[in-house]
Structures are given as C-alpha cells and as structure tokens.
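Reader: Could we go through the helix packing and the sheet of this model?

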Amino acid sequence: MTPLNDILTAAAHGTAPDEAAALALEAAPAAALVPAAQALTRAGFGRTVTYSRKVFIPLTQLCRDVCHYCTFAQAPRRLASPYLAPEAVLEIARAGVRAGCREALFTLGDKPELRYAAARRALATLGFATTLDYLRHCADLVLRETGLLPHLNPGVMTAADLQALRPVSVSMGLMLESASERLTLRGGAHFGSPDKAPALRLRTLDEAGALRIPFTTGLLIGIGETRRERLESLFALRRLHARHGHLQELILQNFRAKPGTRMAGAAEPSLEEQLWTVAVARLIFGAGMSLQAPPNLRPADLAALVGAGVNDWGGVSPVTPDHVNPEAPWPHLAALARDTAAAGRELAERLALTPAYAREPQRWVDAALVPKVLRLTDADGCAHPADWYAGAGTAAPLPEAQAVRTASGVRPRRGDPLHALLRRARTGGGLTEPEVAALFSARGPDFQAVVHAADRLRADVAGEEVTYVVNRNINYTNICLYHCGFCAFSKGRSARSLRGPAYRLDLDEIARRTREAAAAGATEVCLQGGIHPDYTGNTYLEIVAAVKGACPDMHVHAFSPLEITHGARTLGLSLASFLSDLRAAGLSTLPGTAAEILDDEVRQVICPDKLTTAEWLEVMRAAHAQGLKSTATIMFGHVDSPTHWARHLLAVRDLQRETGGFTEFVPLPFVHMEAPLWRQGRARSGPTLREALLMHAVARLALHPHIPNIQTSWVKMGADGAALALDCGANDLGGTLMNESITRAAGGVNGQEFDAARIQALAAERGRPARQRTTLYRRIAGAPGGRRRAALAPAG
C-alpha cells in the first residue's frame, strides 16, 4: 500500500492516486487530508465559492422508486394533482425572474407512469405519453417565456431521452448516491427502487457524456455505505469523467434522517465523515473538479466544508423551499455571503452551468442555447450581474463603487500569494502570464487589494494630476472592406441593419473640421476610418496634408496599424518607407487601435480577416523605429478570457521594453448592443464593471515601469465608471473628442463630447487636480479648457 504522505505529495503536484493507492486514504482521519485538499482547491478556484440563484420546480412528486430516506416522493392520494400544470410552472418561474434567479431546477420522481395509473391519466389529459415528454414541454416553456436556464433532474434516462432534453436545458443531474449494489438488497436504503441500480445510473451518466451534456452527480453520504464503497463510487465517476470530461460538479451530500421514512431512526453521518469524503474527492479528482455541499444541510459547518475542498454551494433559492429537504430552509443569500467570507472565501453567482462549462458553451450546450449562456456570463464563466454595461449610460452599481471607495489600506496578509505578487508588481518584477491572469479573477477583499495596489502605484508614478487632451475625432469614412464582428461603425454588404448611412468625407470637409477644432482649442485631431475599397496609401498622405494645410500646428494622431498596412501594400512600399513618408507629410503619432486582443485564437473569431497579432506588433515596431510614438489599446469582454488579456498585456510590455514607443495604455470595454457578433449570439455582453476596473488596475501593475500612463475611456466607461477607474490605477481621461462616432454606432449613449469643464469637475470629485496635456503628455501653458467652443457639425 502506498504511504499516505506519498499520496498527498503526489496529489499536490497534480498526480491523483490510483485505485490501489487510494486504499491508504480509507483509514486516514479527515484532518490528515484536509491541508492537501484545501491547497488543491485554492489552486483550482482561488478564493471563490460559487452558487446558483434558482427556483425549484417540483414537476411531479410521484415516483416509482421507494428510497427509504425520501420524503419528496408521495403517493397520488397525498397530492392535489399528479403534475404541476404549465401555468403553475410558469408562475414559479416568473417569481424566480422577479427575484433575480437565473436557473430553473426541475426535480421530479422517476417514471411515475410505470407505477401509477393516476400518472398515466394525468399525462393523457395533458396530452403527453411520458413524464419526460411533459418535462421537455415545460422546460421549453420556461426557457421561452422567462429566459431562465433549465437544469433537469428527471432520473435514469436512455440516450434517446437525453438527446430529446438537451435542446431545452443547459445541464442535467443524476446523483449516483452510491455504486454499492449492496444497498439495493433487502434492508438496504435502495431496496425496491429499480432506478437506483448503480449500473443503470452509471449508464445514464456515460451516455450523457457521449452526448456532451454537462452533468451534476455525486454521493449521498451515510445511507449505509462504507468508506471503501465511497472510494469505489468516486473512482467509478472518475472513469466516466476521464472518458468524456462532462461531470461539471460532484455533490457530496450528507444524509438527513426524516420523520415518516424507513430510515427515520438511522444515524446521520458525522461532520468527520463528510469532511473525509470531500477531501478524498478533491484528492481523487484534482484541482479542477467543482465540489458542492448543500449549505442548508450543515449551516454551522460551512467553514469546515470549504476547508476540506468545497468550492460551490449549489442552487440556493430566494423563492422556493428545498422540496427534497423541506426541514432545512435555504440560507438567506446575504447570510451565505457573510458565512462564506468568514471562511476566507468570496461568494460569486454562477448559472446552472458551473463556470468551467459556461466558458465553453459551444462545446457543451445545444447551439440554440449558446447565445443565452454567453449573454449571461462574465469572463470567468460566472453570472454577469447585469447591472452595468460598457457604453450603456448606466450608473456604477453601488457594490463595486463601495468596494473601490473603501479599498484604501486593504492589503493581503503576509504569506498570502497575492501579497508577494503585488509587491513584485510594484517593484517592476515582471509578472508571468498565469500571475496576470489570476489577478483578473480577484473578487471581494482580493479585488480591493489589487485596485488599491494599482492606485498606490499610480500615485508614485504619475502623481495626483488627472490629465486629458483637447482633441477632435475625425472618422473620415465608415465604409470598410473588413468584417470585424465587434464593429457596428463600418458599413458594407452585411451592415444594412446597423446604425446610420454610409459616408466618406472629402478633403475639404476634413480641413474644415480641423480648423473648427483649432478654433475650439484643440491641440490634436485623431483620424481613423474604415478601409475604403478606393483608398490607397496616397489617400492617407492626402488626409495628413489636408490637416496640416488647414492648421500647420495641429498634432496629427492618425491611422491604425491596419490602415498603415493597407496604405503600404497599395503603394508597394515597406512599412518603414510608408511610415517615413507619412511622418514627412506631418503625421505625429499613431493610435494603438486594431489591437483588439493580441491573441490569434481570439482574432480568428472576432476579426478573422484583419491583421494577425504579429502583424500588429510589427507595424508598431516599425513606427517606433521611425520615431513615431503610439498608444496601445485592448478591446475586451467578448469571446476572450483572462488568459487572453494576460497575453495581450505581456505582448505590449515586451514590445515596450524593446522600443519604448508607447505613450499610454487604453482599456476599451466591448460595447455590445449593436455589435454584429453579439447580435448573432456569439459574444458575451461586454465586461462586468469589476472586470473593466480590474483591466485598468492590472494594466498598471503588469506594465510597470514600462508604460507610465493608463487612460480610461469615458466614452466606454461613462462618467461614473471613469471616476472609479481613476481610483484603480488610471491617471488619464483621454480626449474631449468633440465627435465620437464609433462607440455611438455600437449603441453607446455616453455622448460625443466630454469637455474640459466636465473633466475638471470629475477629477475634483475624486479630490484630484486636472491638467490639459499634449498628445505626448507634455504640459500646456495657459490650457484652453475654459475657451468657448464653436458649434460642431455632425459627423457625416
């Protein structure tokens, strides 16, 4: 037998025990296993413990099985109706919607029509042949009428049953309870229950895996099984998961003796037994498996359960009781959050899908349901709070605002990995990709620690001043050859349903707008547009000449790397030669747009015909070599992940180390409302406010000391969000813009201009002075912030 210490050491390094070695776990006390299990849980889930806000819909309490511990199943004479009517189902679901639920949990007895004539008659009256047919109808009804995502627990099913239910549910569940055949014999908890035969339940789980259905399963602890039988059950499940990867969660539930059942007098399992089972499951399944323990069954022991390896509380309903355990009311969510925090963890809402599966809905969910999942999730696969969207004009939600405002002084404890990571970031130690990605998942006190560290670093590097540039956007055409999935600005063959007509400004209009900008006090014009099929490199040279002819002193901040590439190719020039010609014509700096996410895995989805990551970086490298500074941006919150964000930041950091040519980094949250990719159901609904604020904070930390300026976009963030970003590492509010049109085309409503007076007022609200700057962050004597602005013509 393998020594216990060897098993624990191997598990800590990612090698789970095999069945023979696991025998050493059988006699081990829980206390010996918990430290290793807790370390694995922290490695897989950090400080986050998830739950799903659900409604419990007991479609029928009739069941052909007679489990000796169950009070859910009832005889027909005890029920007002064999099945809930569709209207009753919808009433429960709509109450859930009003209470902010995302999941509709359908729980029901197993094939009652095979036992009860009353069930058969009721189904016939409803117009269905089987309970599963009726379940499909009701789940589809809830999905269509309320938007709640169904999770189905209908018992043992065939492959055909599973396939029929997959289009109306995002996940399903079937507790194995135990793989012990012994429990099905006379005197066992499952005697007389044909659907509790372990082989049948394992077959259902296997067939669900073959159909790529995310499944929740688990063990019921203390119904007469031994520890060895629990080990055998866990290994049976691990074999299935190794084959299909579809077990989204294991529930490790303690038996509760209930009056009126055959097991009313049975001893309930001790906390020790449940902790042992949780810890063993963590060691067997490793860091990545989600382990759940229902919080209402051991409300006084949540910290111990978390310590043993639990990372999820399962479904908790603010509306309906736990019909399976009616004696144990759900905890109030505020109390659950407090108790979770007392255990050193942070509560986060998820969907019926656990986060790992919600991050890959295209793989795990019926195609028709993918848009619903994407639109309800954040980048971690948790539930999007739906209280703030980039560009939507909504006020910053109170929880995030309070978290930022009270972050001052919040620091991780010494010995906490986050403490060392933030300390290294402040000293310019160079964070790695996994470290940067981990920062984006910070919640609760960790979130506060990250944004506070970024704000302190901002104060050290950039001081207290909030800078801005008085500028004007001139988007000279919205006609474009490319088909970027996030862009609602460009007009082409597929853009008929998007905002506004196609246009192309002539050179005289560009010159007029430049003169108008100068009269209003602008020091910069920012020029970008679509890739018009008639444009060549000469077009871009002519645009620069038109601006300089109208106002020789105007700073020309123009042309994304895509436009630079297009111009060079059309003239048959190298990047260096074309950039040299542009600089000679009067180009001063480049905007760092078209970067989107510098990872080709993402670019293949959102902009497959655009520049690759390497091509974008090469344009910037060539520009910097010509003495042309540029900004760098990231457009995030669509199909990307924290890992992609980390890769992007490190790509920018590495090029900055090489060239020193980036003046600032600008996070641009995805504005989803009119974006084609979102309208097609292929993208999330933009970042959450927490994610958007973390982007500013993590950028400050990851890019230090190489890029001193972090800009927040008032167009995307709104005034409230931008103000919060100033407390999360940002030091710059960008440009006044005068004619912002790209975000507006995507559905943004935060305005086309944010004048100097509003910028100064916003900075003053944060107790910081505002200062006008040049494009290159130089001071301007006698800043024209209070100068009267001329009336501006509409873009296009």
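Predicted model: local features only at pLDDT ≥ 70, side-chain atom pairs only at ≥ 80, totals over all residues.

Reader: At what angle do H24 and H25 pack?

Author: Helix H24 (residues 613-625) packs on helix H25 (residues 642-659) at about 20°, and the axes are 11 Å apart. H24 is therefore roughly parallel to H25 (angles under 35 degrees count as such). Helices are DSSP runs of H or I with at least four residues, and strands are E runs of at least two. Axes are lines fitted to C-alpha atoms, for helices over the stretch in contact, with angles from 0 to 180 degrees between N-to-C directions.

Reader: Which residues of H24 and H25 meet?

Author: Leu617, Met620, Arg621 and His624 of H24 meet Ala651, Leu655, Glu658 and Thr659 of H25, where contact means heavy atoms within 4.5 Å.

Reader: Turning to the sheet, what is the strand order?

Author: The open sheet has six strands in the order E11-E12-E13-E14-E15-E16, with parallel pairing; two strands pair if DSSP finds at least two bridges between them. Strand E11 (471-475) and strand E16 (662-669) are the edge strands, each pairing on one side only.

Reader: How many bridges join E11 to E12?

Author: Five bridges join E11 to strand E12 (residues 524-528). Ile474 stands opposite Leu527 in E12.

Terms used. Residues numbered from 1 in each chain as written. Heavy atoms only, no water. Parallel < 35°, antiparallel > 145°, perpendicular 65-115°, else oblique.
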